[in-house]
Amino acid sequence: MFIRSWFISAIRHIGAGLRYGCLRLFRCGQKVSYRQIRYGSKDFRDIDHADNYLANGFLGFLVLAVILILIAK
């Protein structure tokens, strides 16, 4: 159980880091924080957190899948 939660958290952090990097690169004039991308907005709506978890998890999973495919070749 502990390894599963650690693995999912790592995937979400990878995805959030990728989203943060892209937003910093493409939106130079706007303020973007990693905390807002990783955990959602300050008003703590459940749908906002679900959207962030889905986006971060999907991007993190894609990065992990590409890494595993490159290792397998």
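Accessible areas here come from the Shrake-Rupley method with a 1.4 Å probe, and for residues, only the protein chains shown count as cover. With that in hand, hello everyone. This is a predicted model, where local features need pLDDT of at least 70, side-chain atom pairs count only at pLDDT 80 or more, and totals for chains, interfaces and linings use all residues. Residues are numbered from 1 along each chain as its sequence is written, and side-chain values use heavy atoms, with hydrogens and water left out.

Let's begin with the whole protein. It exposes about 5900 Å², and carbon and sulfur atoms supply 68% of that. There are three helices and zero strands, in the order α-α-α from the N terminus. Helices (H or I, at least four residues) and strands (E, at least two) are DSSP runs, numbered from the N terminus.

How much of the protein is buried? Of its 73 residues, 18% are buried. Buried means under 20% relative accessible area, exposed over 50%, and partly exposed in between, with a 1.4 Å probe and protein chains only. As for contacts (heavy atoms within 4.5 Å), take those between residues at least 6 apart in sequence: 50% join residues at least 24 apart.

Now for some individual residues. Gly57 sits in helix 3, residues 46-72, and is buried, with a relative accessible area of 18%. Which residues does Gly57 touch, leaving aside those up to four places away in sequence? They are Ile11 and Arg12. Gly57 and Ile11 are 46 residues apart in sequence, yet 5.9 Å apart in space, C-alpha to C-alpha.

Trp6 belongs to helix 1, residues 2-26, and is exposed, at 56% relative accessible area. Together with Phe7 and Ile8, Trp6 makes a nonpolar surface patch of about 320 Å². Patch residues have over 30% relative accessible area and no salt bridge; like charges are joined within 9 Å, and nonpolar side chains (Val, Leu, Ile, Met, Phe, Trp, Tyr) within 5 Å. A salt bridge is a side-chain nitrogen of Lys or Arg within 4 Å of a carboxyl oxygen of Asp or Glu.

Finally, Ser33 lies in the loop between helix 1 and helix 2 (34-39) and is partly exposed, at 29%.
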